[in-house]
Amino acid sequence: MRQWVVAEFMSRVAERVSTAGGGFAAQLSRRRPEAWDDLTVEPLDNAFPFVEPAPGFVESLRAQLLEAAVMVPADVVATSSMATRRALYGIAAVGSIASAAVIAVVVFRSRASAQRPAA
Amino acid sequence: MVNGEPDEVLAVRARDDRDVFGILYERHVRRVYNYVYYRTGSAADAEDLTARTFFQALSNLHRYQVQGVPFSAWLFRIAHNLVANWHRDTSRHYATSTDGIVEVADDEESPHDSAESAEERRELHEAVRRLAGDRQQLLILKYVEQLSTEEISVVMGRSEGAVKALLHRTIKSLRDELSRSNLGEK
């Protein structure tokens with residue numbers, strides 16, 4: 001009895017899933033993305049007339065752009081300053097390691113001479 | 001023969017030749033101005049931001065990658081960022097401007113028809129104004145600037161699929177808005 005109930009339930013679920021699947025597929029096919037571009041509100045094409053800039057502005061800006069000094073790109077500046085900074089950090093690191101090594105040698109020698117028994 | 005060459009080729013040459021940049025400027029200045037005008041609502045701000053767009057383009061030409069991105073989309077992307085900063089700095093609510101636009105009347109239209117179409121246009125502008133900022137921008141890029149979906153996706157920094165989906169939702173909400181206002185009048 002219980003097995004029959006379970007089987008019927010599963011059959012209903014399967015039926016619903018397959019029906020729902022078909023519905024989703026139908027919905028998706030209606031909403032194909034490539035079709036969305038065709039959706040238009042006709043008056044929109046004419047709703048926003050082209051607004052021309054003042055001729056004086058166009059000429060003046062053109063002259064400014066043609067005469068503007070060549071600008072150094074910001075990222076080039078950033079790259080070069082970063083490279084300089086890295087070189088300085090490198091030199092500082094090497095200097096630190098070298099001075100630490102010198103100190104270590106001095107300490108080691110002084111300890112070695114202190115531990116050496118007097119002849 | 002420089003005049004006949006595509007933008008992308010000129011953009012590379014313009015890195016070393018300012019006159020070539022002048023040709024690119026002539027090709028795009030009016031569209032950029034028009035776009036900025038509709039997004040700021042002021043001729044003075046449109047001039048200012050258009051000038052900044054081209055100066056920024058000039059100083060960043062070396063960053064422009066020819067492959068993949070149309071030059072016009074790259075230029076509109078600069079304008080888009082400047083307008084976004086302008087809105088943030090001035091804390092102004094996003095609004096599509098229709099002020100100061102000269103209404104072009106059709107010669108064959110009767111005065112009654114002309115008044116009716118002007119009224120329809122006004123309603124449409126009002127409905128567009130009520131849309132969210134990104135939706136207004138999308139409509140301007142699509143219907144004013146006539147950019148392709150690919151170009152719009154570059155300008156808005158979204159995938160083409162996302163742009164199409166947003167356009168679909170925008171037009172649907174615009175239709176709903178218009179039919180709601182029509183029902184309200186009746």
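This is a predicted model: local features need pLDDT of at least 70, side-chain atom pairs count only at pLDDT 80 or more; totals for chains, interfaces and linings use all residues.
Local features need pLDDT of at least 70 and side-chain atom pairs count only at pLDDT 80 or more, while totals for chains, interfaces and linings use all residues. Residues are numbered from 1 along each chain as its sequence is written, and chains are lettered from A and ligands numbered from 1 in the order in which they are written.

Chain B has 8 helices and 0 strands. Helices (H or I, at least four residues) and strands (E, at least two) are DSSP runs, numbered from the N terminus. Along the sequence the pattern is α-α-α-α-α-α-α-α. Of its 186 residues, 29% are buried (20 or more other C-beta atoms within 10 Å of the residue's own, C-beta atoms being placed from the backbone).

Helix H3 of chain B covers residues 43–59. Its 17 residues reach 24 Å from first C-alpha to last, close to the expected 24 Å (1.5 Å times one less than the number of residues). Buried in H3(B) are Ala46(B), Glu47(B), Leu49(B), Thr50(B), Thr53(B), Phe54(B) and Ala57(B). These buried residues pack against H2 (18–40) and H4 (71–90) of chain B, and against H4 (55–67) of chain A.

Between the chains, 24 residues of chain A are in contact with 38 residues of chain B (C-beta atoms, placed from the backbone, within 7 Å). On the chain A side, H4(A) gives the largest share, 6 residues. By class, that side has 20 nonpolar, no polar and 4 charged residues. Ala, Val, Leu, Ile, Met, Phe, Trp, Tyr, Cys and Pro count as nonpolar, Asp, Glu, Lys and Arg as charged, and the others, Gly among them, as polar.

Methods
A residue is buried if 20 or more other C-beta atoms lie within 10 Å of its own, exposed if 12 or fewer, and partly exposed in between; C-beta atoms are placed from the backbone. Two residues are in contact if their C-beta atoms, placed from the backbone, lie within 7 Å.
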